[in-house]
Amino acid sequence: MQPGTRSLTLLLIILLLFHGSRAIAESRDQDESGTINLSPLLLVPESVFLTDHCDEAREWFDEGVLLSDNSNREIYFYQRAIDLCPGFIAAHNRLAEVYKNQGKYILSIDEFKQARIQAFSSDRFASISGSKALFLESVISLGEIYRIQGKYKLAAEEFSKALQIDPASPAAQNQLQYVYKRMHRYDDALSSHNRLLDNAIFTRIPGMTLPRNTFTFDLQYRTWSQTAPIAPFTVESWRVISQFIFSPTIPDELKLLLFTEELIPERNADNPVGPLDEFIQGFLVFDERKATVNVGALSMRYGITNSLTIGVVPKFFARSVDIEFNDFNSINELDKQTVYGIGDTELFLKYHIWSKRHQHISIYSRFTLPTGDVMEVVGEEPLITRQNFPTGEGTFITENWEFKRYIPFGSESYDITPGLAFTLGLDPVILLTNMQYRFTDGEQIGDEFRLNCAAIYPMNRIINITMEMNYRWAGNVKRVQNITFFKIRPSSLNLNPGTPAGPVNGDIEFTELGGHSLFLSPGFQVNVTERTKLEFGMQIPVIRQTDGWMENIIYHLGVTFVTF
Amino acid sequence: MMLDFKFHVSGLRLLFLYSIILFLCSGCSYSIFSGPREKIGFERASASGQQKIIIADNAIYQNNRSGMQIRGNTPVKVTNCDVYQNGRAGINAENSGNVFIESSNIFQNGTSAVVGNNASRIFVKNSLLHQNHRAGMRIRMSEKPLQESTLVSLINNKIFLNERGGVHAISNALTPIRLFVSENVIYRNHEAGIRIEDNVYMAAAMNKIYRNGTSGIACYITNDVSPKLDVYQNKIYFNRGPGIFVHSGSTGSIGISNNWIYNNQLAGIACGLWDGPEKEKIDVEIFHNTIVGNGSDDNGTGVRNYSRGTVRVKNNIISYNFTSGILDDNCRGSSYNLLFANGQTSSAKASSRRQSLFIEREQYAGCIGKQWGDILADPLFVNPDQYDFSLQDDSPARDAATTIHSSYFNKLPNNNLGAAPLLLPDR
């Protein structure tokens, strides 16, 4: 038997089987049992059949498309096309579509399933424009038939299957949401990736509040180094805490040379600046100060109602501090000390006052609880010697002495920070802004005004890029600094002028000046899951205040989790 | 005087036909283009308005340029012809061309099946316009037309599988295109089923417009004159964009009324989707439509209004839409609508208030909530699974409509919310 004849015979057998199976299926269509049996021959690979008839099959198919009237004649054209080229997926789909439009759902299901099998067996399946698209069409159409039959569960399975292959398939999404709603599964109705109105990295308070019974957990870590420039401080007062007690080896006459308490006049109304104050102030010119700060904050927020959100934000600090004295550079051998501790805790209350589509305005207030510790740093530094004292001569004391530093991790006061937040969702960009003013008692931490603006642009469903501008005005701060300075022998003793008499440890109150700062803050966010987001950003100072502490680049790393 | 050519022509007979036409037209004060050899064309040489040319039962195919090119206002009737695989348009009517096309099959041409450039009148009836490389029908009015307007009627045609839109009409001139589209089936075109731009008035009735690549019907403005449209008694479904998209423009005396608009993959009806001054130029009335199950992904509102113009939404049934039922900044023009199962909200809830989501999954998005006369209840369709949105006898949408005072609704009063099924074409 010639190959062509053999193939023709095979084709005739398949035709008979096809028509036979259709007749069976058609009869089943009457009782809508919904069960069909696929002929095993349909699983035969495409290559078995005559492929040189596929061109002719295309002509039959085109004739059917030309007709497009859901008639039996149109069916005939597609059947002829399939007979000639069984792997002709589009013909299967069109034939099934016509059956569907004629209400012959069982036959239609049969054809769609055949289209699926042929699509799977095609080596072009990976191409979305080829077999994959046709496969999708068959799956979605099959789901639609189940929908028409009221078999929602089966329909949902088919549409879900289509979305597994192509998550962006609008037709599958459209049909699936309808089916879910018919099943009263409203929570599943919309695709899961409907994104939140995102929050910015540094402009953290948005205009909207959380939906009722919703939690967000927000873990942030920030690190930066900060410096304070060389600056004299206006000493408000100082109080001697302890004087150094020389060792017994020190000659008695030196002890006599110590300043006594009465030589240090108290500041009062009559004597606002005593002569010794001026003298002391000369020694209180700090050199450039440096610190490295690490902050961890865990924010927990909860939507009590749709318009009211509460939250609590405890903070943890790790701070390394180095303080130098301007006139004692030659003896500055302080080790950098790192301390850890709890900072102030914030309570958070926000109320949503207005919204219009993606525009939201809320008012909020942060309450600061002074849970921050004052950390004591203990260390040793060399005692003054004649050799290394700037104005002294010779060596007469050579030993170390213990010193203490006190580093505050909080404001040590109850502060309130009211603010206003606004969010505008301009698909796809989200704009956020908020402003707040912190009222303080002006000690340790001064008043502060912040204005933050942010724009968030989603590059895709996973990555958002953010750009922010953060303005800050800081008020003057009254600080207390525990420092040590060194007494000088009074000239009335007619000893070598400038000869050190020993250290005195005391609390100095002084005013640190505030100023204006502006940061430019780029960053990006990664949506790890629908509810979990990682973020990384940095604040780059573009305008720096000239007095007081000023941060260098601040690095931020955070993770946010939302519960719905 | 009437010239009546009747030939059964195919293949080599074309040359014979050409010779006959050349002979007859020469003797009847008509001249023939001296263009490409394969071309058949007519140009009016006399000013007589009484003459008419009839081209019937021809197959005109595989010409380098258009199958037919018709100029001048002498009426040309093309009936029962196959016009296909020509290098440009199947039939090109220009410069006041006046053509009546009936029962013809015009397909696989290099540009559109029928092109009208400054034509005075084009009438297409009972024809198939399909698989052309651009729109099925493209009508254009340029800046200096010879006539006052272009009148285009499309009745009972099938316009499908064209590589651009189904019908595209654009007028950059102050003289309008008047486009009447009735009882057609417009489907599976790669772009919009019907797209009108600028100075075009369109009335579309009793059509089935489905599975087109973008919108079912789209309405744009690119210059100063807004398009105008009346869309009524149509079924518009399964399109890949909105069912009806009014970027800018206004509705006429009927508005967008009595349509079934369902399962389109973006909004059912979208107005003013983008930013720009065009947003102001919207004045649309949306009455008595049944808008069901539209949307996908992040989009999919029953009626979506991003414009700052006027959009009045009354007596509609809006249900099962993807993200929300009505999306409007204030819903000022909305009332007496029935909403159900839009977004993630079930029957009686107006809103889920998931305000921290970018997409509002609620019946009303942007509005405060239920508007005057609105009903939040299951409309009780006869068989929505099979796309039958007729109302059951005990539907809450029955007798719930407010009266619309217009000549159209005076003739076709409807006490029920949604579209009157009897007015619609069969599925």
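The legends below describe close-up views of a predicted model.

In this model, residues are numbered from 1 along each chain as its sequence is written, and chains are lettered from A in the order in which they are written. Local features need pLDDT of at least 70 and side-chain atom pairs count only at pLDDT 80 or more, while totals for chains, interfaces and linings use all residues; side-chain values use heavy atoms, with hydrogens and water left out.

**View 1. Helix α7 of chain A and its buried face.**
Helix α7(A) covers residues 152–165, helices being DSSP runs of H or I with at least four residues, numbered from the N terminus. Buried here means under 20% relative accessible area and exposed over 50%, with partly exposed in between (1.4 Å probe, protein chains only). The buried residues of α7(A) are A:Y152, A:A155, A:A156, A:E158, A:F159, A:A162 and A:L163. Seen down the axis of α7(A), these buried residues fall within an arc of 165°, so they line one face of the helix; the arc is that of the directions from the helix axis to the C-beta atoms. A:K153 and A:Q164, on the other side of α7(A), are exposed.

**View 2. The packing of α7(A) against α8(A).**
Helix α8(A), residues 170–182, packs with α7(A) at an angle of about 150°, and the two axes are 9 Å apart. Axes are lines fitted to C-alpha atoms, for helices over the stretch in contact, and angles run from 0 to 180 degrees between N-to-C directions. The angle makes α7(A) roughly antiparallel to α8(A), a term that applies over 145 degrees.

**View 3. Strand β35 of chain B and its parallel partners.**
Strand β35(B) spans residues 324–328, and five of its five residues are buried, so the strand is largely enclosed by the rest of the structure; strands are DSSP runs of E with at least two residues. Strand β32(B), residues 301–305, runs parallel to β35(B) and is joined to it by four bridges, where pairing requires that DSSP finds at least two bridges between two strands. B:N305 has B:D328 in β35(B) as its bridge partner. Strand β38(B), residues 362–365, also pairs with β35(B) in the parallel sense, over three bridges, and here B:L327 stands opposite B:A365.

Key. The expected span of a helix is 1.5 Å times one less than its number of residues. Angles under 35 degrees count as roughly parallel, over 145 as roughly antiparallel, 65 to 115 as roughly perpendicular and the rest as oblique.
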